[in-house]
Amino acid sequence: MAVMDAAFDPEYGEAWTRRQIGDALTLQNTHYLLAGRDGEHPLDGEEALGFVLTRGTAGEEEVLLIAVKPEARRNGIGRALLARLLESARQRGTSRLCLEMRDGNPAKHLYASLGFIPVSRRPNYYRGALNGPIDAITYTCEI
Ligand SMILES: CC(C)(COP(=O)(O)OP(=O)(O)OC[C@H]1O[C@@H](n2cnc3c(N)ncnc32)[C@H](O)[C@@H]1OP(=O)(O)O)[C@@H](O)C(=O)NCCC(=O)NCCS
C-alpha cells in the first residue's frame, strides 16, 4: 500500500484501496510480485519499491496494476517486475498477458520494449479529473 499510495497520480483515480487489494488477494487466480531496489523480491527488512498484480483465467492473465515508487523509477525495477512476471506466468501455463493502459501513459515504452502490442482502444474509459475523459489502450503479449 505504501507503493500504491505514492505511485498513482490522484488525477486518474487508478489506485486501489487496501480493501480492494485485500479482496483481490483472496481470489485463487490472483498473483502478485514485490520488488526491492534490485528488482528482485525485497530482502528481509527491505522496503518494497514496486509491485505488479495480475489475475489469470484459462491461459490468459491480465496485469491489473504495476507501480514503482516515484523516487525509485527509471532504475529498471518496472522492467524487472515484468520480466519476472513473464517467467512466473509462463510457468503457471499462461500463454498470453494483457493489460489496459491510460492513453499517453509513458509506461507504454516499457510495455512495447517487452513485446506488448496495442490491440484496441476504448474511448473515454478513464476519468481525468483535470482534462476530461481519457481513452484506454489494450495491449497483449504472447509469452
Ligand atoms: C510504469 C512504471 C511502473 C515504470 O517503472 P520504472 O521502474 O520506472 O520502469 P523502468 O525503470 O524499468 O523503465 C523501463 C523502460 O520503460 C521506459 N519508461 C519508463 N518510464 C518512462 C517514462 N516516464 N518516460 C519514458 N519512458 C519510460 C523507458 O524505456 C525505460 O527504460 P530506460 O530507463 O532505460 O529508458 C512507473 O513509471 C509507475 O509506477 N508509474 C505510475 C503507475 C502507472 O502508471 N502504472 C501503469 C499503469 S497500471
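**Around the ligand and its pocket**

**Exercise 1.** Find how many residues surround the ligand, and which are the closest.

*Solution.* You end up with 18 residues, and the closest are I66, V68, G78, R79 and N105. Keep in mind that this is a predicted model, where local features need pLDDT of at least 70 and side-chain atom pairs count only at pLDDT 80 or more, while totals for chains, interfaces and linings use all residues. Residues are numbered from 1 along each chain as its sequence is written, and side-chain values use heavy atoms, with hydrogens and water left out.

Next, sort that shell by class: ten residues are nonpolar, five polar and three charged (Ala, Val, Leu, Ile, Met, Phe, Trp, Tyr, Cys and Pro are nonpolar; Asp, Glu, Lys and Arg charged; the others, Gly among them, polar).

Finally, look at the elements (DSSP helices, H or I, of at least four residues, and strands, E, of at least two, numbered from the N terminus). β3, α3 and α4 each give the shell at least two residues, and α4 has the largest share with four.

**Exercise 2.** Work out which backbone atoms lie 2.8 Å from a ligand oxygen.

*Solution.* Go through the polar contacts, pairs of N or O atoms within 3.5 Å. Begin with V68, where a polar backbone atom is 2.8 Å from a ligand oxygen. Move on to G76: one of its backbone N or O atoms also lies 2.8 Å from an oxygen of the ligand. End at G78, with a backbone N or O atom at 2.8 Å from a ligand oxygen. Now check cover: on its own the ligand has 910 Å² of accessible area (Shrake-Rupley, 1.4 Å probe), and the protein covers 77% of that.

**Exercise 3.** Say where the ligand sits, and describe that place.

*Solution.* The ligand sits in the largest pocket (more than half of its atoms lie within 2 Å of the pocket's grid points). A pocket is an open set of points on a 1 Å grid where a 1.4 Å probe fits, with protein on both sides within 12 Å along at least five of seven lines; lining residues come within 4 Å of a point.

This one has a volume of about 1,200 Å³. Of its 36 lining residues, I66, A67, N105, A107 and Y111 are the closest to the centre. Elements giving two or more of the lining residues are β3 (60-68), α3 (77-91), β4 (96-102), α4 (107-113) and β5 (117-126). The largest share, seven residues, belongs to β3.

Definitions and conventions. Grid points are joined across faces, edges and corners, and a volume is the space filled by probe spheres set on the points. A residue is near a molecule or strand if one of its heavy atoms lies within 4 Å of it. A polar contact is a pair of N or O atoms within 3.5 Å; within protein, one must be able to donate a hydrogen and the other to accept it, and residues adjacent in sequence count only if both atoms are side-chain atoms.
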